Amino acid sequence: MGVLLSWLALAIQSQGQVIPVPLANEPPPVSGLIDGGDFFSKNSGAFNRISEHLRKLEKDHGYKIYLVVEPVLITTTASELAARLRQAWAPDGNGLVLVFESDSHRLGTGWDLTSPQDRLQENGSRVPSHETSAMLARARESTDGSLAAEPYIETLVTNLVREHEGYFTRRADPPPPERSVRMGLLMVGSLALLGLGSIAVGALVRHSSMAGARRFRFPVVDRPERLGAPCGGGVTTRRFAPPVSKS
């Protein structure tokens, strides 16, 4: 078995690939980025630009985003590794981890799925899980999927950082007074429309119930005028004999 494992390691190394170390046991990178296998070109400056975005986000808002790029993953997947690294590097829920497997172009994301809205008071750097999911979706939609791997990852991380900066800015700034007035008018208008709808439904129900009532009409009778009464009249005469006197 030992010989087989050694042969497997040599075969992988001969292809220019490296078996990743268990990163969960290591401290998080200060730069916010681990580039296994020199994925980013040294001349592009992408590594430094991504690192600056990640460190600025943590400095301004206390939220951490880590990017790990590995050429190939043997004993785990990108999603599983991202989840483990998030628990080790951001246990308080104030961060997420992106793991990109450059050989297969698989991207895994790990974030705190148990961050309800009412726990934001405990840690102001936490983000609700539904907000994180929405920001990830918007960042992916705004990233051109036809880009090469290196510019794609840089653009994706940049968009994700921008989404988080916008979220923390909106959460810190109270809504303007005119927005509150608009919301009040919108609520009043909605209630008025609801009332009008109820009146219309009631009118339709009443109309349908009245339409179903049965009506009776006297038949038309074709009779000539008789004894001064139209349609044959119902005038009759009776004659009575004079009373018989009893003597």
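**Close-up views of a predicted model**

**View 1. Order of the elements along the chain.** From the N terminus on, the elements run α-β-α-β-α-β-β-α-α-α. The protein has six helices and four strands. Helices (H or I, at least four residues) and strands (E, at least two) are DSSP runs, numbered from the N terminus. Residues are numbered from 1 along each chain as its sequence is written. The model is predicted, and local features need pLDDT of at least 70, side-chain atom pairs count only at pLDDT 80 or more, while totals for chains, interfaces and linings use all residues.

**View 2. The open sheet.** Four strands form an open sheet in the order β1-β2-β3-β4, with mixed pairing. Two strands pair if DSSP finds at least two bridges between them. The edge strands, β1 (33–35) and β4 (106–111), each pair on one side only. From one strand to the next, the twist averages 10°. Axes here are lines fitted to C-alpha atoms, for helices over the stretch in contact, and angles run from 0 to 180 degrees between N-to-C directions.

**View 3. Strands β2 and β3.** Strands of a sheet pair through backbone hydrogen bonds, either parallel or antiparallel. Strand β2 (residues 64–70) and strand β3 (residues 95–101) run parallel and are joined by seven bridges. Lys64 stands opposite Gly95 in β3.

**View 4. Helix α4 on the sheet.** Helix α4 (residues 129–141) lies across β3 and β4. Its direction is at about 155° to β4. Contact means heavy atoms within 4.5 Å.

Methods: Side-chain values use heavy atoms; hydrogens and water are left out.
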